[in-house]
Amino acid sequence: MPSLGSDMEAGILVEWMKQQGEKVSRGDIIAVVETDKGAIEVEVFEDGTLAELLVQPGEKVPVGTPLARITGPKDTASTERRHASAPAPTPAVPMPTVSSVQGAEAAIQPPTVTTLAEGSRATPAARLLASERGIDLALVKGTGPDGSIVRRDIEEAAPRAATVPDLEPMRRAIAAAMSRAKRDIPHYYLGHSFDVSQAVQWLDAYNAAHPPQERLLLGALTLKAVALALKDFPEFNGFYGPDGFVPASAIHIGTAIAMRGGGLAAPAIHNTDTLTLAELMERLRDLIGRVRKGGFRSSEISDPTITVSSLGDRGVDMLLPIIYPPQVAIIGFGSVAPRAWAIEDAVAVRPVLTATLAADHRASDGHRGALLLRRIGGLLDTPEDL
Amino acid sequence: MTVMSYRDAVRGAIREAMQSDPRVFLMGEDVGHYGGCYAVSKGLLEEFGPERIRDTPLSESGFTGAGIGAAMGGLRPIVEIMTCNFSLLALDQIMNNAATIRHMSGGQFNVPVVIRMATGGGRQLGAQHSHSLEGWYAHIPGIRVLAPGTVADAGGMLAPALDDPDPVLIFENALLYNDTADVDWPASVDIDHAAVRREGTDISLITYGGSLGKTLAAADQLAAEGISAEVLDLRVLRPLDEDAILATVARTRRCVIVDEGWQSGSISAEIMARIIEKGFWYLDAPLARVCSKEVPIPYAHHLEEAALPSITGIVEACRAVLGR
Amino acid sequence: MTQASPKVWLDRQHCRELLHQMIRIRRFEEKCAELYTQEKIRGFLHLYIGEEAVAVGVMQALLPEDAIVATYREHGHALVRGVPAGSIMAEMYGKQEGCSRGRGGSMHLFDAARRFYGGNAIVGGGMPVATGLALADAMMARKQVTACFFGEGAAAEGEFHESMNLAALWRLPVLFVCENNLYAMGTALELSESQTDISAKAAAYNMQAEAVDGMNVVEVEAAARRAVAAIRETGAPYFLECRTYRFRAHSMYDPQLYRDKAEVERWTGRGPIKRFTEWALEAGEIRQADIDEIEKLVAEEVAGAVAFAEAGTFEPVADLARDVGAERRP
């Protein structure tokens, strides 16, 4: 499909003006294509035989798609030439890449952000000086227009080191990510409650046989169950980007962990599906310890392919989480609580756990989501296999 | 020192250029027999003859393009366009030829033409003779845009403009033609830099051309209130003297821009943008500006006065920025 | 100063030259069309095919010191004027070896050494510039001619009329060459002009004007020689309307909804190369062997131009802002 203008992306082959096997000469019109601007004739730029028609009338193909194969008069049958319709070859000379033509950077480095009470204002010059002198703007009274803090106010304020830990950037990051998720991602939600008596009994037995530092939490079991279930549900494990959903090649479950003093992080446990429960528990302990101190690695933050959020120890029955973009799913677990549970015609009291799934409808459908939750429940029924 | 008017200074500069360089000639509507619609070229026809003081038909695009061609052919034309509103008829030639040919030809051709035109309101000439379009032209890469705001600049900018290998547009605010001053003659000025016309410490007033006088008057009033205003005369709207703009803002940390053009998409907007881009951390107050109201300039005196920047408006803007 | 003859001498050598030049344009542009579909050439590509007799005929009358202002359909003018085919092709490739360093492209070919003042892509936009170049010549008493090419579509622009008036009023040595191919892009002449006789418009400006068959290279050359001789003698402008036809679409991306195939075929049947070849063969001015040799030379030249363009280099992006203004001012 010849490119007839830089705004032409594709064309529809309307008709062949020459038949397969026919001889063609330079300048012949061999086909007509329909473009956004109307029908245009396709000219051939060499002599030869129309050996094969590769596109049929009515087909729409992008610019650069071979329309036909022309064998030249000197060519043997095995050689082929695609001049009239060949896609643009790579230029012999590489295109220069755009380097920075822009000149100077800003002369002054921006100040580190200090706190400022809501509703009050400080000028850039005041902020800069406050930053240089380590003055907390929240403690400065503004004397500028409308009570704004101006440079003179900082000059007259006593220097004092800021002591309040700075959670603002994290709050902003969470706000940005969650706003984006709610704005861009069409979430759907599914919930499923299941009897986890098998898992609880198995866990009690396991923990009774191990010293305290080697004991497992139910959280390790649920993480492992999710990881194993995902192997058969790749549409929940990956990223949604400009080209649509791309499944991830490995399963790195992000685990939502609350930080001291506020904030939240969900670093990855890499290759969750390959870890034994003991290994998983060790990673989980390590991660919780480090996250609470703010000491996790950036790769742990950027790598998760799906997130699990467990709020069971906070005593809630269930949660409806928000997907962390560009991930496409998040699974939430509530607390394990004794509930009345129907078993055939009888009612028994069983430990019950509610799992919820929030998933991106662009990447998956509810039917598959339901199967995923049921699979997780099933896996927890045979904890010895986890 | 010589006392002369802005008009005399422009005429004197044209005369000296024509005396010293036979390639220089003036052409435009009514520059010859009429004497120039603002009498700038009065008497020059008698001195230099109709070949070099060349009356043109009412063909702004035609004669501006001919000036461009003549410049490419080796002459140094001064093209006069009566008012900048009429220059829109020549915009194709200015934009598509004068400004582009050097780059489009890979540096083979240049266009050493000077195009002068009157600009600005305040004379009750209504909406087709009163606008300030120099900011528009300052948008165009490939040309230099000058706005002489003093008698010395009116007289001194022409010679370096004619020496410039590239197109230079000179905007003469028509209200200034009668201004007089005692100047060094021959005037010698550069066409690269802005000039600090008054030093101050509390606030910078950035302006050019016809608004310079109003701004200096406003600075006098502010001084009486104990506010020390610095006045920067841009002089050159393209390329902007960014260093001078940032330097004055760094000194005073506050800035009001005064521009007779409309504010939307204007040179004043560009100046604000540069200050925000490169001088943000200097600022101790929001930027402000005083521009023409966003209406076609009306005829009635009181309405026209209300539409154009005023001394009172400048003073009030400064007070607001300073919170006084 | 040398003086081009006011008469056409149609000896064998000159016939060969005319044919050679027309075939150069034809084959060069056919290659351009091919390269365009392969995305080697981008932007707008306006082909001159069908109109070759105009550029070839007019250029015969011009001397090296004369100036040329052309339009965005100017590959032929540049080629005949002597701008090397390789530098034109490299320009269309966007390479810095191009005649405008890759800043102009197909529509903006420039060559200072050959006084080729560019393809101008604003219809009518080159006319005031040509008038000004001639004004400089007149004021400096140089006996040079500025040839200004434009299409009939320009006759609807104010700049056409302003330039005609200025050139006639001030008696400036401009040869105005209207390449009337009957369509302003896709709008037929009778749909855009109340007076379709373009030369009559020029005559109304008190300018010598004539219309010739633009498909006949000899007739164009003869008229151009007459016109240029008159301009050199009187210093006054001259208007030449060459009635011609564009065989190809306006640009590459044009389905030609505005004209039917029968019309195109009528005109291609009397194409300038075809007619001239038939006449010259019959008159015994050239032989088939001459034509074969011309085709061979042209094929080599075009292949060389493509190779030159392919081997060319892209200007570093760091030079992007170069030549927006002078690097040094006094």
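Helix H3 of chain B passes helix H5 of chain C in a right-handed crossing, where right-handed means that the near helix is turned clockwise from the far one by less than a right angle, and left-handed that it is turned anticlockwise. Helices here are DSSP runs (H or I, at least four residues), as strands are (E, at least two), numbered from the N terminus. This is a predicted model, in which local features need pLDDT of at least 70 and side-chain atom pairs count only at pLDDT 80 or more, while totals for chains, interfaces and linings use all residues. Residues are numbered from 1 along each chain as its sequence is written, with chains lettered from A and ligands numbered from 1 in the order in which they are written.

The two helices, H3(B) at residues 60-72 and H5(C) at residues 126-139, pack at an angle of about 50°, and their axes are 6 Å apart. Axes are lines fitted to C-alpha atoms, for helices over the stretch in contact, and angles run from 0 to 180 degrees between N-to-C directions. H3(B) and H5(C) are therefore oblique to each other; angles under 35 degrees count as roughly parallel, over 145 as roughly antiparallel, 65 to 115 as roughly perpendicular and the rest as oblique. Among the residues making this contact are B:Gly62, B:Gly65 and B:Gly69 of H3(B), together with C:Val129, C:Leu133 and C:Ala136 of H5(C). Residues are in contact if their C-beta atoms, placed from the backbone, lie within 7 Å. The contact of H3(B) with H5(C) holds 10 nonpolar residues, seven polar and no charged. Here Ala, Val, Leu, Ile, Met, Phe, Trp, Tyr, Cys and Pro count as nonpolar, Asp, Glu, Lys and Arg as charged, and the others, Gly among them, as polar.

Next comes the wider contact between these chains. It involves 35 residues from chain C and 36 residues from chain B. On the chain C side, H5(C) gives the largest share, 10 residues. That side of chain C has 17 nonpolar, 11 polar and seven charged residues.

Within chain B, domain 1 spans 2-183 and domain 2 spans 195-322, with bounds from an automatic or database domain assignment. Their C-alpha centres lie 26 Å apart, and 23 residues of domain 1 are in contact with 23 residues of domain 2. E6(B) gives the most to the domain 1 side, with three residues.

As for confidence, the model scores ipTM 0.91 and pTM 0.72. Chain C has a mean pLDDT of 95, with 98% of its residues at 70 or more; pLDDT is the predictor's confidence in each residue, from 0 to 100.

Key: Contact = placed C-beta atoms within 7 Å.
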